[in-house]
Amino acid sequence: MQNKCAVFYDSWQLECCGHLFGIGDTVNWLVLELEQGDLNTPVDMGKVDYCYEAHSSAWQELFVLQGRVERIQTLYQKYEPHKDNPQMLIPTGGRLVETQKAQGFEKDIDGLKATGYLVSISGPAVRPARKEEVTFK
C-alpha cells in the first residue's frame with residue numbers, strides 16, 4: 001500500500017451530487033485509475049493516480065478509495081476557442097491554488113474558471129468496487 005495518492009475531482013461532479021470535503025476529512029470515493037496524459041490540462045499537476053467518478057455505471061472499472069484528505073488545490077483554467085472549431089473551447093493556461101475546503105461553484109479568479117480539485121490522500125486503501133456500491137444508472 002502506498003502512503004499517498006493524488007485524485008482529480010472535477011468541479012461538476014462535486015456541484016452535481018458530491019459531498020463537500022476539506023483537509024483532515026476521511027473520504028470514501030468511487031474512482032477510476034488514470035494513465036499519465038488522461039487529464040487534458042496545460043497545468044502541470046504531477047502524477048495523478050485516480051479521478052473521482054460518481055456518474056459511471058461501469059462498476060467493473062471502478063475502485064473504492066478510502067483515506068484522509070491531506071491537501072487540496074483548486075485547478076483554475078483559462079479557455080479559448082479552438083482555432084479549427086471556434087464553438088469548442090480548449091484550456092490554454094491556468095494554475096493550482098491551495099485551499100482548505102472544496103466547496104463547488106468556486107468564484108472565478110483573474111479570468112480563470114475553477115474546473116476541479118487536485119486532492120492528496122494520505123493512507124489510501126483502494127479496492128475494486130462492488131456492483132451494489134455503484135448506484136448511478
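Colleague: Why is Asp110 called exposed?
Modeller: Its relative accessible area is 63%. Exposed means over 50%, so Asp110 qualifies. Bear in mind that this is a predicted model.

Colleague: Where does Asp110 lie?
Modeller: Asp110 is in the loop between β7 and β8. Its phi is near 50 degrees, a positive value in a residue other than glycine.

Colleague: Which residue has a positive phi of about 50 degrees although it is not a glycine?
Modeller: Phe105 does. Phe105 also sits in the loop between β7 and β8.

Colleague: Is Phe105 buried or exposed?
Modeller: Exposed. The relative accessibility of Phe105 is 64%, and the cut-off for exposed is over 50%.

Colleague: What makes Glu106 partly exposed?
Modeller: Glu106 has 21% relative accessibility. Buried needs under 20% and exposed needs over 50%. The value for Glu106 falls in between, so the label is partly exposed.

Colleague: What does Glu106 touch?
Modeller: Leaving aside residues up to four places away in sequence, Glu106 touches Thr74, Tyr76, Lys101, Ala114 and Tyr117. Glu106 lies in the loop between β7 (101-102) and β8. Its C-alpha atom is 9.8 Å from that of Glu15, 91 residues apart along the chain.

Colleague: Why is Gln73 called buried?
Modeller: The relative accessible area of Gln73 is 11%. Buried means under 20%, so the label holds. Gln73 is part of strand β5.

Colleague: What makes Gln73 and Glu98 a polar contact?
Modeller: Their side chains are joined at 3.2 Å. The limit is 3.5 Å. Gln73 also touches Leu96, Val97, Gly116, Tyr117 and Leu118, among others.

Colleague: How do you know that Ser56 is buried?
Modeller: Ser56 has a relative accessible area of 18%. That is set against a cut-off of under 20%, so Ser56 counts as buried. Ser56 is found in the loop between β4 and β5. A polar atom of its side chain lies 3.1 Å from the backbone nitrogen of Ala58.

Colleague: How many salt bridges does the structure hold?
Modeller: The structure holds 9. One of them pairs Asp49 with Lys47.

Colleague: What makes Asp49 and Lys47 a salt bridge?
Modeller: Their side chains meet at 2.7 Å, N to O. The cut-off is 4 Å, so the pair counts. Asp49 is buried at 14% relative accessibility, whereas Lys47 is exposed at 56%.

Colleague: Why can such side chains pair at all?
Modeller: Opposite charges can pair when the charged atoms come close.

Colleague: Which residues are linked in a network of salt bridges?
Modeller: Arg127, Arg130, Glu132 and Glu133. Arg127 meets Glu133 at 2.5 Å, N to O. Glu132 meets Arg130, with the closest N and O atoms 3.2 Å apart. The salt-bridge limit is 4 Å, so both pairs pass.

Colleague: Which residues have the most contacts inside the largest nonpolar core?
Modeller: Val7, Phe21, Trp29 and Ile121. The core has 17 residues. β1 (4-10), β3 (26-33), β4 (50-52), β5 (63-81) and β8 (113-128) each supply at least two residues of this core. Apart from it lies another core of 9 residues, including Ala6, Val43, Cys51 and Leu75.

Colleague: What does Val7 touch?
Modeller: Not counting residues up to four places away in sequence, the contacts of Val7 include Trp29, Val31, Tyr50, Leu65, Val119 and Ile121.

Colleague: What is the volume of the largest pocket?
Modeller: About 360 Å³. It is lined by 19 residues, and the closest to its centre are His19, Asn28, Trp29, Leu30 and Tyr52. The largest share of the lining, 5 residues, comes from β3.

Key:
Residues are numbered from 1 along each chain as its sequence is written. This is a predicted model: local features need pLDDT of at least 70, side-chain atom pairs count only at pLDDT 80 or more; totals for chains, interfaces and linings use all residues. Side-chain values use heavy atoms; hydrogens and water are left out. A nonpolar core is a set of buried Ala, Val, Leu, Ile, Met, Phe, Trp, Tyr and Cys residues joined through side-chain atoms within 4.5 Å. Buried means under 20% relative accessible area, exposed over 50%, partly exposed in between (1.4 Å probe, protein chains only). Helices (H or I, at least four residues) and strands (E, at least two) are DSSP runs, numbered from the N terminus. Contact means heavy atoms within 4.5 Å. A polar contact is a pair of N or O atoms within 3.5 Å; within protein, one must be able to donate a hydrogen and the other to accept it, and residues adjacent in sequence count only if both atoms are side-chain atoms. On a 1 Å grid over the protein atoms alone, a cavity is a set of points where a 1.4 Å probe fits but cannot get out, and a pocket is an open set with protein on both sides within 12 Å along at least five of seven lines; lining residues have an atom within 4 Å of a point. Grid points are joined across faces, edges and corners, and a volume is the space filled by probe spheres set on the points.
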